[in-house]
Amino acid sequence: MKHIVVLSGAGMSAESGISTFRDSGGLWEQHSVEDVATPEGFSRNPRLVLDFYNARRKAAFAAKPNKGHVGLAEMEKDYRMSIITQNVDNLHERAGSANVLHLHGELDKVRSTVDPSLVYTLTPDNAEIKLGDKCEKGSQLRPHIVWFGEAVPMMEKAMKTVQTADVLVVIGTSLNVYPAAGLLNYVAREIPVYLIDPNEVKIYRQGIRFIRKGASEGVAELRELLKKDI
Ligand code: APR
């Protein structure tokens, strides 16, 4: 079976009603990254950060996978699929994708601030963490999210995954944030790259196959193209 590796970003979940970051009206227009998505912001005002992620977590729990998520999950019948996502929602998993790697963490998880191996899973009916909610070692819980300036522990695994791709599919990411965007440099030159996005995306690689559509329609078109191309 051919190995298809998908790199998805916030645009993948846009049709599920979850805001992207850099489109007009996006999350980084409404909140300052420094205040809500950095370790310094968390130590300065932990309540603000906890509330920011509590709101995003509840929105993500309320959202449903869109046809793009479902289409990628259905492709597991015909291909070996590896999803590498920058998204922290679990819509790929809820659509049925079995092999999902989260580069930037997971909204439905929280962890100890003193022992990062202590990770706890939240549920829709237990979706918030507050100041004073502590791990079993007595330290404050924090979102299990990779903040700006923090290490990206899954990067090594993601690099290895893209190096074994027969096809790379990039969906719904502006490719603004590293090291995630740098994954393209680990894909062999001869490997075909498809990019699904309704807008122009700056990508420094020859021969990209642009599908200028949203995720739902774009994944449907991708599936048709792959039947012919590979
Ligand atoms: N379908 C597909 N793509 C879409 C759709 C859609 N319906 N709507 C918008 N897009 C595209 C936009 O054109 C844009 O290229 O999704 C992309 C979203 O880009 P960003 O908002 O920058 O999101 P992303 O690339 O995932 O950001 C990367 O930045 O802030 C950090 O950790 C955060 O993981 C995030 C990272």
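Which side chain meets that of Lys 109 in a salt bridge? I looked this up in the model, which is predicted. The partner is Glu 106, with N and O 3.1 Å apart. I noted that Lys 109 and Glu 106 are both buried.

**Entry: other salt bridges**

I searched the whole structure and found 13 salt bridges. Side chains of opposite charge can pair when their charged atoms come close. I then examined the bridge between Asp 35 and Arg 44, where the closest N and O atoms are 3.3 Å apart. Asp 35 is partly exposed, because its relative accessibility of 33% falls between the limits of 20% and 50%. Arg 44 has a relative accessible area of 54% and is therefore exposed, the limit being over 50%.

I next recorded the bridge from Lys 160 to Glu 156, with a closest N and O separation of 3.1 Å. Both residues belong to helix α8 (residues 155-162) and stand four residues apart, about one turn of the helix. Lys 160 is partly exposed, at 49% relative accessible area. I also noted a network of salt bridges that links Lys 58, Glu 128 and Lys 130.

**Entry: the ligand**

I counted 22 residues around the ligand, and Arg 22, Thr 173, Ser 174, Asp 197 and Asn 199 are the closest. The shell comprises eight nonpolar, ten polar and four charged residues.

I then checked individual atoms. In the side chain of Trp 28, an N or O atom is 2.7 Å from an oxygen atom of the ligand. The protein covers 92% of the 730 Å² of accessible area that the ligand has on its own.

Terms used: Residues are numbered from 1 along each chain as its sequence is written. This is a predicted model: local features need pLDDT of at least 70, side-chain atom pairs count only at pLDDT 80 or more; totals for chains, interfaces and linings use all residues. Side-chain values use heavy atoms; hydrogens and water are left out. A residue is near a molecule or strand if one of its heavy atoms lies within 4 Å of it. A polar contact is a pair of N or O atoms within 3.5 Å; within protein, one must be able to donate a hydrogen and the other to accept it, and residues adjacent in sequence count only if both atoms are side-chain atoms. Accessible areas come from the Shrake-Rupley method with a 1.4 Å probe; for residues, only the protein chains shown count as cover. Ala, Val, Leu, Ile, Met, Phe, Trp, Tyr, Cys and Pro count as nonpolar, Asp, Glu, Lys and Arg as charged, and the others, Gly among them, as polar. A salt bridge is a side-chain nitrogen of Lys or Arg within 4 Å of a carboxyl oxygen of Asp or Glu. Buried means under 20% relative accessible area, exposed over 50%, partly exposed in between (1.4 Å probe, protein chains only). Helices (H or I, at least four residues) and strands (E, at least two) are DSSP runs, numbered from the N terminus.
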